[in-house]
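Subject: Structure handover

Hello,

Here is the structure I promised to pass on. Please open it first, then read the notes below.

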Amino acid sequence: PVAELCDGLDNDCDGATDETFDFRTDDDHCGGCWTSCRTLTHAATAWCLDAECRIDACASGWVDADGLVANGCEYECTPTAAGERTVADCTDGLDNDCDGRVDATDSDCSFDPYELCDGTDDDGDGETDEDCACASGWAWENPLPQGNDLEAVWVAPDGTAFMVGAGGALLRHDDAGWTAVDTGTSVHLFDVWGVSADDIFVVGEGGTILHGEGGVWTTMPSGTSLWLSGVWGTAANDIFAVGDRGLVLHYDGIAWSTMGTFADYALRDVWGSSPTDVYAVGMLDALHYDGTAWTALAPAPDGDLHGVWGSSATDVYVVGRESPEGTIWHWDGTEWTSTLMWFGDGRRYGLYDVWGSSANDVYVAGDHGSVFHWDGTSWSNLRPDGGVVRLFGVGGVGAGPVFAVGARGTVLRWDG
């Protein structure tokens, strides 16, 4: 007898075969001895769950276009846009969004071309930026500070705004205007939260955590290479970060530590009303932390959940893309109820973020450049003709300006 190997044989002669290998979660032996998630073609990060390999990220320049795990990231392509959005996108002979379809063969090009606020005639109608005028109080920042997608915005108590996104984009906005912050990284950044304008935390791909203290930015050890998508805290020594595989990290003011992995899929956002009332939401999962343990919410909002925020423990909102698309969930301390954002315009609204200044002043950002608002009585679309630029983040502070950020560096500001 020898030590048990994964080869279909009883190497240690104990009457069992391959018994020391967990085919459900073993990245090297997923579903069987001869399937390794680590060797999938051009997959930068892959792992095993329920005896099946899952691809978290592809190597640079490669995409899993067909959705088949067995052949890994099979499609060589570098995305140049979030979709085929304009006349130029749909006639350039390129697969701009790397979905395996080019120009007219891409369903994105079956819609009317989109006008972007970029100084050109994107939709080919002879007019420039005609959909970019101030709409119902929303003002475009033009020219935009930069062109990478922006994922999130957080506004400090003093009104200083921080925005993060693709390519390591980190922007600061204050009374002096816009400043592009050089953090020394080019990774995709997904969320930002702070204690003050001089104490900021940013999370992103590859387990990246950045800390800005007094204007000096450093990279913090996170202990993980998994993507981190959400960050929020109650104080400088009580901060949560969430990410892939249901990972939850906690910062105690000294170091980040792993609380555990509490879901099968990615967690995207985290928020709480107190240190003992914290929510984390993501793809097919919604969790709650009571100060002692994380547990799955039951019953809970369902779908691909992207954002969570509340004004109190009995006033919590959750938004997402597929629950179905355009659903806003609300917790009143007793039960979850849902409202479908539908305005009779034939469009479905995937929703990505939620923020409010109070129980009667709540904003939700989503598809088609839309921002929905709750005034304590009903929901309305503040930008019914906002176009189609996808908005990923929304945030503000008190009665001050509200910022919405999104694809291609879009920044909107609402002054009421």
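Start at D174, which stands opposite G177 in β9. One thing to keep in mind: this is a predicted model.

D174 sits in a strand pair. Strand β8 covers residues 170–174, and strand β9 covers residues 177–180. The two pair in the antiparallel sense, over 4 bridges. A hairpin of 2 residues joins β8 to β9.

Strand β7 spans residues 161–165 and is joined to β8 by 4 bridges. These strands run antiparallel. Here M163 stands opposite L171 in β8. β7 and β8 also form a hairpin, with 4 residues between them. Check G167 in that turn: it has a positive phi of about 65°.

In a regular strand, side chains alternate between the two faces of the sheet. Keep that in mind as you step along the strands.

Next, the nonpolar cores. Which residues have the most contacts inside the largest one? They are V202 and W256, in a core of 73 residues. Leaving aside residues up to four places away in sequence, V202 touches V164, L170, L189, D191, V192, T208, I209, L210 and W217. There is also a second, separate core. That one has 10 residues, among them L150, A161, F403 and V405.

Best wishes

Note on methods: Residues numbered from 1 in each chain as written. Predicted model: local features only at pLDDT ≥ 70, side-chain atom pairs only at ≥ 80, totals over all residues. Heavy atoms only, no water. Pairing = 2+ DSSP bridges. Core = buried A, V, L, I, M, F, W, Y, C linked by side-chain atoms within 4.5 Å. Buried < 20%, exposed > 50% of the residue type's maximum accessible area, 1.4 Å probe, protein only. Contact = heavy atoms within 4.5 Å.
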